[in-house]
Amino acid sequence: MSIIFSIVVDGVAYGMILFMISVGLSITMGLMRIINLAHGGFALLGGAAVHVLSVRLGVPFWIASFTAVIIVIVLALVLERLLYRHIYGFGELGQVLATIGIVFLMIATVNLFLGSTILSLGAPQSLTAAVDLGFKTLPLHRVIVILAGFIIMASLWLLMEKTRFGIYLRAAVDNKVAAASLGINTPRVFLAAFAIGAGLAAFGGILGAELLPIEAYYPLRYMVLFLIVVSVGGLGSIPGSFAASLGLGILDTAGRYLLPGTGTIFFFLAITALLALRPQGLMGKAQ
Amino acid sequence: MTSGLAVHGLSKNFGGLQVARNLTLSLPNGARTALIGPNGAGKTTFANLLTGVLKPTSGTILLNGKSVGKMSESERVRAGIAKTFQITNLFRDLTVRENIRLPILERERRTNKVFCHSDGIPELECEIFQLLEDLALTPLADKPVRGLAYGQQRLVELALTLALKPKVLILDEPAAGVPSTESHLIVQAIKRLPADLSVLIIEHDMQLVFEVANRIIVLVNGAILLDGTPQEVISNREVRELYLGADHG
Amino acid sequence: MTNATDQVSIRRKMGRLAPVLPALIVSVAAAIAFILFPYDLAFLTRIVIMMIFVLSFDLILGYAGIATLGHAAMYGCGAYAAGLVSLHLASDPLIGLLAGAVAGALIAWISGCVLLRAQGVALLMISIAVTMVLQETASQARWLTGGADGLAGITVSPLLGMFEFDFVGQVAFVYSVCILIAVLIFCCILASSPFGLALRGIEGSASRMRAIGTPVYRRKVTVYVIAGAIAGIAGALAAQVTGLVGIEVFNFSLSADVMVMLIVGGAGRLYGALVGTLVFMVVHHIAAGIDPFNWLFVIGFMLLIIVFALPKGLISLPDRLVALLRRKP
Ligand SMILES: Nc1ncnc2c1ncn2[C@@H]1O[C@H](COP(=O)(O)OP(=O)(O)O)[C@@H](O)[C@H]1O
Ligand SMILES: [Mg+2]
C-alpha cells in the first residue's frame, strides 16, 4: 500500500515536471513543425540563472526563480527572432542539426561560467519538510510540484479555450496557411508560443531540479525524455502532453521501484510499441 | 468475364463528404475514355481509388475479372494500372533521363539489383532515348528535373507513366500547365499507344478530349451525370449548362 | 538509333571505372597519413573506422532519405558480437567481422521492420528507443556482456594467420583501411546500381516510387539491413582494435555524431561521408585536447554555419566557391 502511494506521488510529481518542461516543446513542434532539440536548454538556463542569483548573489529563492523565468523568456524572444525564425524553413535534418548546434552552445556557455558540476539552486530548507495529509506525510516539494502542474494545465486550458490568442494558436496548429489567410499574424503567434514554451521549460527546470538536477549537460541528458513525452502525447496536443507526462512519469517510477534493472527496458519497449502502432501519438492529429 | 477494368458500386467518403457515389462503369481494353467534370467533382479521387492510393468506402474494382481490392498500390502498378499525377510528382534531384530510367527498371523488376550498373542494359537505354525523342525532351535529358519549366515537367510526368507500359493508363490532367504549342506532343503520344490499351484521360481542355476520346463520362458531385459518345455529350443540354457553358474551373 | 547505342556504351565505360577512383584516393591518402603521422596510428584508425560507420549511415540517410537517430544500435551489436565471438569462439579477426556484420544486419532487420513503417518524429523516436532498449539490455545481461564494465581483454589472432596486431597499431591501421576500401567500393557499386537509383528515387518522392510500382517499404528494409551489416562491421573493427566493448557503444551521442559528421561532409555523396568524418574527428581531437567544452563551442558554431550557409555540406564548398567566383567578375 505504502509503496503504491509512493509510486503514485513520485510518479505524478515527476510527470508534472515533465509536463511543464515538454508542453512548450509540443506546441512548437505541432505549430512550427520544428524538431527543437534545444528546448531542454531553456530549463538549464533557467536553473543556471537561479543558481547565479540565489546562491552567488544572495537573492531570495522565489524572487530569483521569477527573475530567471523572465530572463529565459526574453532570451527566447531574441533567439526566435534571430535564429529559429530561419530554422522553421529548413527540412527535418537541418532542424535537428541547427538545434543540436544551439544545445552545444548553451552547454558550453553554462560550463564556461559555472563549470560542469551539479548546480544547487539554493531552495529553502522548508521545501524538504514534510506535510501531514492526515493519513500520510509528503515532502512539501512534491505537493508544490503537483499543485503547480495542475495550475499550469488549468491556465493553459483557459488560455487556449478562452482567449483570442488561444483561438489563433489552435487555428495555426490546425492549418498554418488557412490561419494566415484569415488574417492571423502567424509569426507573432509563433513568437509568443515559443516564448511561453521556453518560460514554462525554465519554470519546470527550476521546480524539478530535485528530480532532474541542473548541470551543464542537462539538455542532452534529458532530451530524449522530453521528446518521448511530446511524441507519445502527440505533437501540438496540450492534453496529450499532460496525459503522456503523467503516464510516463508513473510508468518510469513504477519501473524503478518494482523492477529495478529491467524496468527501463520495458519502458522503452512500451514506447516503441506505442509509436509503431500510433505514430501520431496518443492525441496527435493523424497525418 | 470482361477484359479491361470494371468498377462496381464504388463509393468514397471523406468524413461526411461523399466524393464517389456508387460508381459503376467499365473501361474495356482498347477504350479511349475521357472523364470530365467541374473542379472538386471527384475525378482525381476516382483515379486514386483505381490505383490504390485511396481505399474505397465500398465497391469493387476488377482487372480482367480479378479483384484488385486487396492489392497495394505498387502491386496494382505491377498488374498494369498506372497513372500520372495531376500535380507533378517527380524525382527533382535526378536528371530527366534518370527519372525515366526508374520506371523502366521497375517494370523490368530490376530495382532490387545491386551488382550491376543502372544504365547497363542497352535495350532499356534505347527505350529511354526513344521516349525522350517522342516527347521532345532529348535536349533536356541530362538536366536535373528541378531546373525544368513546369510545362516540361508535365511531359516528364507523362514519360514516367508511359515508360511503365501499363494495360490501363490513367492520365490526370496531362495537359494542364503545358503550353498550347506543346500539347500536340501529348495527343501524339496518346495516339501512338498500343491499340489494346485502355486509356482514361481526365482533362479540361475539350479540344484535346475530342481529339483522343471516343467516349466521355461526365462526373458531377461524385456521381456519373452522363456516359456516352462525344456527340451525345455535346448535345446534352444539362452538360452544356452545368459544364461546357460555364467557366471551365 | 545508332547514336543512342553509342551514347549508351560511352556512358557505360565511364560508369565501370567509377568505383576505382575513390578507392585509389583513399589508399593514397592513407599511405601518406601512415608516413606522416606514425605515432598517431591509433587515432587514424579510429577515424577510418568512423568513416566506415558514417558511410553506412549515408546509405540510409543520404541515399534513401531515412533520418534516424539510432544508428549506434547496429554498431553496438556488431561490437558486442565480435567481442563475444573472439572471447568465446574463435579469435580470427575476419570471423569477428563476419559476426559483427551478421549481428548488425539482424538487429537492423528486426528493428527496421518496425521503424521503417513510421516517418518523421515517430521514426526518430523509435530509433532512439530501440538503441535505449539495447543499451539497457547490455547493461543488465551481466553474465553475457559484463554489464556496465563491458567486455575487456578481447584479443584477436594474427590477420590471415600472418600479421600479428602490434602495439603501435600498424597492422590495425592497414587492416581498417583495407576494410574501408572494400566498403567504399561496395557503396560505389551500390550507388550506381538500379537499387541505388531506386533509393534516390525513394529519397526524392516515396509516393512517386509507389506509383511506378516499387515496393518502397521492402526496399527500405533492404537498405537498412545492408547499412546495418556495414555498421556492424565498423563496430566489430572497433572492438578488435581497442580490445574493449562497453555500453557506451549504444550512446545516443554516437548516433547524433554520425549524423553530424555526415551532414557536415554532405549527405548522399560518398566523398561527403569521408570528408565530414575526417574534419569532425580532427577538429574534435584538436579542440577537445585543449578543453572538452571548447569543443562544444566549435562544433556548435560549425553546425550552425553548415546548416545556414552550406546546406549540402563541405563537399559542396568547391562548387559554391566556383559559382561565387563566376558571378563576381
Ligand atoms: N484526402 C482528402 N480528404 C478530404 N477531402 C478530400 C481529400 N481529397 C479530396 N478531397 C475532396 O474531395 C473532393 C473531390 O476532390 P478531387 O477528386 O480532387 O476533385 P477533382 O479532381 O474532380 O477536381 C473535393 O471537394 C476535395 O476537397
Ligand atoms: Mg483533380
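**Exercise 1.** Which side chain of chain B meets C:Arg208 in a salt bridge?

*Solution.* The model is predicted.
Step 1: Start from C:Arg208 and look across to chain B. Its partner in the salt bridge is B:Glu157.
Step 2: Check the distance. N to O is 2.4 Å, and the cut-off for a salt bridge is 4 Å.
Step 3: Between chain C and chain B the count is two salt bridges. Ten residue pairs are in polar contact across this interface, both residues at pLDDT 80 or more.

**Exercise 2.** Describe the side of chain C that touches chain B.

*Solution.* 
Step 1: Count the residues. Chain C brings 31 residues into contact with 39 of chain B.
Step 2: Take the area. About 3,200 Å² is buried between the two chains, and carbon and sulfur atoms give 62% of that.
Step 3: Find the top contributors. C:Pro194, C:Arg208 and C:Ile212 supply 22% of the area that chain C buries here, more than any other three residues.
Step 4: Sort the residues on chain C's side. They divide into 14 nonpolar, nine polar and eight charged.

**Exercise 3.** Now do the interface of chain A and chain C.

*Solution.* 
Step 1: Count again. Here 41 residues of chain A contact 32 of chain C.
Step 2: The buried area is about 3,300 Å², with 89% from carbon and sulfur atoms.
Step 3: The rule finds zero salt bridges. It also finds zero residue pairs in polar contact with both at pLDDT 80 or more.
Step 4: Locate the helices. α3 (61–87), α4 (92–114), α10 (223–233) and α12 (263–277) of chain A each supply at least two residues. α4(A) gives the most, with 16 residues.
Step 5: Sort chain A's side: 29 nonpolar, eleven polar and one charged.

Note on methods
Residues numbered from 1 in each chain as written. Chains lettered and ligands numbered in written order. Predicted model: local features only at pLDDT ≥ 70, side-chain atom pairs only at ≥ 80, totals over all residues. Heavy atoms only, no water. Contact = heavy atoms within 4.5 Å. Buried area = accessible area lost by both parts, 1.4 Å probe. Polar contact = N/O pair within 3.5 Å; in protein donor to acceptor, adjacent residues only side chain to side chain. Nonpolar A, V, L, I, M, F, W, Y, C, P; charged D, E, K, R; others polar. Helix = DSSP H or I, 4+ residues; strand = E, 2+ residues; numbered from the N terminus.
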